[in-house]
Every structure is written in C-alpha cells, then in structure tokens.
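Me: Please take a close look at one part of this structure, the ligand site. Then tell me about a few elements elsewhere in the chain.

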Amino acid sequence: MAYKTKEWRDSMRLVLDYNNVTDKFLGEKGFSKKQFKDMKAKADHAFEFVKQNRGKDELFMGWTELPYNQKEIVADILATAKNVRAKFENFVVLGIGGSALGPIAIFQALCHLHYNELPKKIRKGPKFYVEDNVDPVRMKELLDVVDPAKTCFNVISKSGATSETMTQYLIIADLLKKAGVNIADNMIFTTDAARGNLNKISAELGGIKSYVLPDGVGGRFSELCPVGLLPAAVLGIDVNGMLAGAAYMDKICSKRSIDENPALMAATIQYMAMESGKNVGVLMPYSDNLKYISDWYAQLWAESLGKNKTLDGQDCNVGQTPVKTLGVTDQHSQVQLYTEGPFDKIVTFLSVGHYKEVSPIAHGCENIPDVGFLGGHTMEELIQAENKATAFALTKAGRMNYTITLPEINAFTIGQLLFLFELQTAYTGAMLNIDTFNQPGVEAGKKATFALLGKAGYEAQKEEMDGAYAPDPKFII
Ligand code: PA5
C-alpha cells in the first residue's frame, strides 16, 4: 500500500541545488558544462554498476532492497517495540560503528531534542541511550542512571566479535545475572543470520529474541534493516515512513541522467571535486535534528571510499576526509577556514524548508539597532537566512558548495536522505573503481588490540609491537 498520497510524497521530495559548484557562480574555480559532459562515461558506468549489482549479497549490496523486502520483519519489530515500550524504563543500544551511528542519527533527527528529560507521559516510550564506546567512565555513569533490571538492552553486532560491544555485553549480562534477572527477558540481539558469537550465546542461554542483520548488508549500510528499525520503532518513530522515503528516493534515482538523478549528480560533483584536489568534504546541516546525520555520513563516506587498491589491484589511495559541522554553530568556529583557507574543501549544506517550530523573536531593545532589528522575525527565518548567507559568502570567496533541502524533517524525508547518501556513496565508489563495501583498514587496529589484551593467536603481533614498534624513549619528552 502506498505511503500517504502522491501529492504529499511529492511535496516532501528532497531538492539538490548545485548552482554553487558551477562556473556560472564560481568562475574558473567552478565546473563547466564541458566538465559535466566529460563525466558522462564515468557516471554511466557507476549507474550501471549499481543497477546491475543491486541486491547482490556477495557484493554487499543487499541494502538496496531493504525498502522492499522487510514486510514481515517490520510487523515483528512493531510488535516487539510495543512490548518494550510498555515494559521497560530504558532502552539501551550496545553497539559501535555501523551498529550504532544510524540509531544515534535517527534518534536525534526524529525525536524531541530533550527526549530523555521529558516526563514519561509525554515520552510514552522508554528513555533511550546508545553506548558506542568503551570509555570506562561512560559505562559506570550509564549504570548510575539506568537500572539494568528495568532496561532492555539491544546488543547489535553482525560479527558478535567486536571487542567493544562484547565487553559491554559481558558487563551487562553479569549485572543482570547478579540481579536475578533472566538475561533473555532483558536483551534483544541484532546479528548475523547464523554465524557469529551472539547466535552461540543465544543458543547457550536457551534462546534470546534476535533480529537478523542480513548477509548482504554491511554495518554502515544497515540503518534501514533491524539495526535501525528496532530502536526507531521503540522510540515510536514511523519506520514504514522511513522505508517509504527510501523507496521514493530509490525511484527518483532510477533515472540514468545525472540531470534527473540527484544521487548520481552528487556523486559526480564529489568525484570531480576530489579530482580537483578537494580532499575534504564538509557536511553542514542547519538543524540540530540533523546533527548526527553527519556522524553517520562520515562513517559511510570515510569507510567506503578510503581505499588503497582499485578493483583491478592497482595502488590508489583515494577517499575524501569527511568533516562534521553544525550550522549555525560552526559559523562561529570553522567558516573562517572554509572561506579563506586552502581550496581543498567542498561543503554540502543540509537545509530545512519548514522547521517543526518557528519560534517567534520578541520585540525589544528598539533603541539599540544591533538588537532591535531582530524583533518580529522568527528563529526559523534567522537560521535560514544564516544558511543562505554562509552559502553566499563561500560562493563569493570561490568555494564550492551545494545544498540538499529537506522540505521538513520527518520519517519520510529522513528515509530519502539516508538512501540518497547510500546511493551517492555506491556511485562514487564505482567511479573510483574501488570496493566500496569492505573495510580492511579497520582490521589492523582491531588485531593490535587483540594482541595487547593477550587473545590467543595474536602472539606474533604482540612480539612485533613490543619489538620493532616499541616506542623509543629518545622521542618522548
Ligand atoms: O561499517 C562497519 O562494517 C563497521 O563500522 C561495523 O559496523 C563495526 O565495526 C561493528 O561491527 P559489528 O557489527 O560486527 O560489531
């Protein structure tokens, strides 16, 4: 069944405005019509790559089908979420990286900005926390505010072998046992279908309610599967709206021409930007609700594109450093650098057509012109004016920037945005001719941690770290 009316869906369509990367506005610092035209073969290749391989688990492209293939899973998630909302005071996600950044982003985007501080009767659901670090202080202080016996813990790990998440699991499982709570009553696992340690743990404990992180879906592309859908449903977020938004964007991006396909256009711009030395990609949402979309995007972009080999085995060292900022806050911090520093950045603004609130500015201080002019406007007008003003200032200084506008922030537009960024990443990876979906560079640090903590099988690595890589006191002052 279609989600809302066509008219409503079209009124919620995301808009990409890329005027400020063109030579019309940036002169010789901008891209010309010819440069866009010259990208046609690469853009065609990227489009075909995604089209031909979508849904293929062996290539980790199962995420393209998530808007369509989860009807029963969603029904199950909604039933579980109803139960969790009724039964628990807190819902805590234990996970890291791709198993945490989506839930954090969606919580911030679609819930009240002070959700946990709202009275229960307004919140209607449990308080919500995502613990994506192993800072010992953070764990202790979480336990100062949540009683494990009154908390549902969603352990999210595809591998069940991630030290951070499994450390948290061990601590919480022990606390539940000590409190006389049946672990199965207070935990839900989201993990691989069959492989991985969480399945073994579930079997040992006689069965823990578990959701599947599908085979062909990597962590950073997993927000629209149970990784993100269960936490969202527990928060009362319209998960069907998110999936409908993703499907809507997928349909828009089914067009081959970059002039009609916003994800392909954004990928083309980013590829050309990288080619012209823009090694830094700034994402600047003008909305506190969108603040952690930047964290989610940073992982998607960095882990997917930061690679040292092409698909045919050539050395490459490609990628672009994502920088997370917040408008207007970072106008008073980083925009000086963006406007006058090196020409190594491209800025993507996330703008909002209509905020949930406008917040009128009261009249006052009429005899102080610096202040008085603000009265009678709204905070919505102010933030939108500052957004436009920053884009103008950057453009005038010859700095590349483009804007994606969400007509409103709601489940449908957020679903569109996530899918737009996922497609953009897949297209860009295809243009770079790399494996967008692996992350070999993350492994080295994981292995070194195993060695330092004495995991069996990592003795040689430990020896190497204590030997040739042992710090030389000469360089320590
Ligand atoms: O994107 C990724 O693949 C990573 O960020 C993983 O999500 C992260 O390392 C956590 O892995 P796992 O889900 O296996 O615990």
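Predicted model: local features only at pLDDT ≥ 70, side-chain atom pairs only at ≥ 80, totals over all residues.

Reply: Every value below is computed from it.

Start with the ligand. Which residues come closest? They are Ser157, Lys158, Ser159, Thr162 and Gln299, out of 14 residues that surround the ligand. The shell has a clear make-up: 9 of its residues are polar, 4 are charged and 1 is nonpolar.

Now the individual contacts. Ser157 places a polar side-chain atom 2.6 Å from an oxygen atom of the ligand. Gln299 also brings a polar side-chain atom to 2.6 Å from a ligand oxygen. How much of the ligand does the protein cover? On its own, the ligand has 380 Å² of accessible area, and the protein covers 88% of that.

Ile156 belongs to strand 4, which runs over residues 151-156. Is Ile156 buried or exposed? Its relative accessibility is 0%, and the cut-off for buried is under 20%, so Ile156 counts as buried. Ile96 is 60 residues away from Ile156 along the chain, yet their C-alpha atoms are 8.1 Å apart.

With a relative accessible area of 3%, Gln168 is buried. What does its side chain reach? It reaches the backbone oxygen of Glu131, at 3.0 Å.

Last, helix 5. It spans residues 71-87, 17 residues in total. From first C-alpha to last, helix 5 reaches 25 Å, close to the 24 Å expected at 1.5 Å a residue. Which of its residues are buried? Val74, Ile77, Thr80, Ala81 and Val84 are. Why do they line one face? Viewed down the axis of helix 5, the buried residues fall within an arc of 130°, so they share one face of the helix.

Terms used:
Residues numbered from 1 in each chain as written. Heavy atoms only, no water. Near = heavy atom within 4 Å. Polar contact = N/O pair within 3.5 Å; in protein donor to acceptor, adjacent residues only side chain to side chain. Areas by Shrake-Rupley, 256 points an atom, 1.4 Å probe, with all protein chains shown as cover. Nonpolar A, V, L, I, M, F, W, Y, C, P; charged D, E, K, R; others polar. Helix = DSSP H or I, 4+ residues; strand = E, 2+ residues; numbered from the N terminus. Expected span 1.5 Å × (residues − 1). Buried < 20%, exposed > 50% of the residue type's maximum accessible area, 1.4 Å probe, protein only. Arc of directions from axis to C-beta.
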